[in-house]
Amino acid sequence: MDFRQAEAYLLGTIDESMSRREPYRLDRIRAFLHELGDPQNDYPTIHIGGTSGKGSTCTLVASMLVAAGTRTGLHTKPHLRSMTERARVDGLDVPEARFAELLTEMMPAIERSAAGEGRPSYYETLLALAFLHFARERVEVAVIEVGIGGTLDGTNVIVPEVSAITTIGYDHTEILGDTLEKIAADKAGIAKPGVPLICGVTDPGPRAVIEARCAAVGAPFVPAWETTRIEVEPGERYAQHFAVTTPDDRYDVRLPLLGAFQRTNAALALRIVERLKPELRPSREACERGLATAMLAGRMEFFPAHPGVVFDVAHNPEKAARLADALREQFPDRHFWLIVAIGTSKDAGEIVRALGTLPATFVFTSFAAAGREAIRPQRLASIAEDAGSWGRAIADPVEALAIARRNASADDIVVVTGSTLVVAELREWWFEHVATVS
């Protein structure tokens, strides 16, 4: 099959979260990977979960490893533009032709699995493809982002060198539970005997749950923030300069990513690589170089223009609150035009309330994607009104962006946020129609 056929096949498989609603104990993904020769066991791994920041932290860890000359695989989700983003080696997406070749090669194993434990889901197939790609490319280490939760996530078949949990917040509550402690218990399922777990969680309740799980399985529990200090150096306009001091070292960091939460992610990433075995651990210079060259699409991604535009995925209340804080810090005394679309499975009320703390005008919109449903823009406008904010409802996202840019003053900031799908669509449109000619 070619790439378009491979893409169409995957979009026709069962939903990536379906397995969490079935009697399921990782049997299907284990059986599938075994049919493929267990490629996930061919290289050391790093396993990173959490509610927010896990994708950014994975990317920063991988960037430091690449800067050290280590051949590095990176699996993150969701993708913005293409499925090929989920399997990167040394920062490069798997080529479309190679993606199609790998999936074609995997089809006999998929059929054999279907006859036993059941057909692998969309998420499981993409994850297995990444594992296989990394093995074929002979990576020296792979950085793996947890999908949903931890205990029953498909990535939890690996036995990593280091694990980490970034934060605990409310997301996927219909799957993980309706309290922070229940969510923490699920995410703490990635703890493995003898594998250090770096904990970025500060809330006492969920942190205690994670620490107890580590004790129960024999995973060394490493609290990140009791012994880590971040000191901000002012002066950078569209980047950040700060020092990170850990028990092991002191790093002079220049980070081309905006927002206080990215400083936190960078410091956590440093704590993670410090726990790698000596032959994998990057030097201080490589860490600083890797952070200085890190690229992360759709995460406080700023394009200077008139008005300036920010693309940031904030599809849960915690991400939305972090985005609001980052925008206030980076663009003080500015007015924001927030172009927002939210999926039906998300807590729209809390997301809108978090963003509504900004001096902002909302433009609510939608997205179109197979298997995904957006909350109607008119409904979002009503939610905003109930929360004391005001917004327009424009169903077409490109039109919503055009209206915001047309009505914003030169000093205002236009922010595209909410669902990954609307950020991906409008970011691609931006590159095709604006960024190339500005």
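Predicted model: local features only at pLDDT ≥ 70, side-chain atom pairs only at ≥ 80, totals over all residues.

Mentor: Residues are numbered from 1 along each chain as its sequence is written, and side-chain values use heavy atoms, with hydrogens and water left out.

Trainee: At what angle do α3 and α10 pack?
Mentor: Helix α3 (residues 54–67) and helix α10 (residues 284–292) pack at about 125 degrees, and their axes are 7 Å apart. Helices (H or I, at least four residues) and strands (E, at least two) are DSSP runs, numbered from the N terminus. Axes are lines fitted to C-alpha atoms, for helices over the stretch in contact, and angles run from 0 to 180 degrees between N-to-C directions.

Trainee: How is that pair of α3 and α10 classed, then?
Mentor: α3 and α10 are therefore oblique to each other. Angles under 35 degrees count as roughly parallel, over 145 as roughly antiparallel, 65 to 115 as roughly perpendicular and the rest as oblique.

Trainee: Which residues make the contact of α3 with α10?
Mentor: On α3 they are Leu60, Ser63, Met64 and Ala67, and on α10 they are Ala286, Cys287, Arg289, Gly290 and Leu291; contact means heavy atoms within 4.5 Å. By class, six residues of this contact are nonpolar, two polar and one charged. Here Ala, Val, Leu, Ile, Met, Phe, Trp, Tyr, Cys and Pro count as nonpolar, Asp, Glu, Lys and Arg as charged, and the others, Gly among them, as polar.

Trainee: And how far apart are the axes of α3 and α9?
Mentor: The axes of α3 and helix α9 (residues 260–274) are 9 Å apart, at an angle of about 55 degrees. α3 and α9 are therefore oblique to each other. In α3, Ser56, Thr57, Leu60, Val61 and Met64 meet residues of α9, including Gln262, Asn265 and Val273. This contact has nine nonpolar, four polar and no charged residues.

Trainee: Changing topic, in what order do the strands of the open sheet stand?
Mentor: The three strands are in the order β9-β10-β11, with antiparallel pairing. β9 and β11 (250–255) stand at the edges with a single partner strand each, so one side of each has no neighbour in the sheet. Neighbouring strands of this sheet are turned by 25 degrees against each other on average, direction ignored.

Trainee: How many bridges hold β9 and β10?
Mentor: Strands β9 (residues 229–233) and β10 (residues 240–245) pair over five bridges; two strands pair if DSSP finds at least two bridges between them. Val232 has Phe242 of β10 as its bridge partner. The two strands form a hairpin with six residues between them, and Gly235 in the turn has a positive phi of about 120 degrees.

Trainee: What about β10 with β11: how many bridges?
Mentor: β10 and β11 pair over six bridges, in the antiparallel sense. Thr245 stands opposite Arg250 in β11.

Trainee: Now Gln330: buried or exposed?
Mentor: Gln330 counts as buried at 17% relative accessibility; buried means under 20% relative accessible area, exposed over 50%, partly exposed in between (1.4 Å probe, protein chains only). Gln330 lies in helix α11 (residues 317–330). Leaving aside neighbours within four places in sequence, Gln330 is in contact with Arg237 and Leu258.

Trainee: Which residues does Leu421 touch?
Mentor: Not counting residues up to four places away in sequence, Leu421 touches Phe367, Ala369 and Arg372. Leu421 belongs to helix α15 (residues 420–435) and, at 31% relative accessibility, counts as partly exposed.
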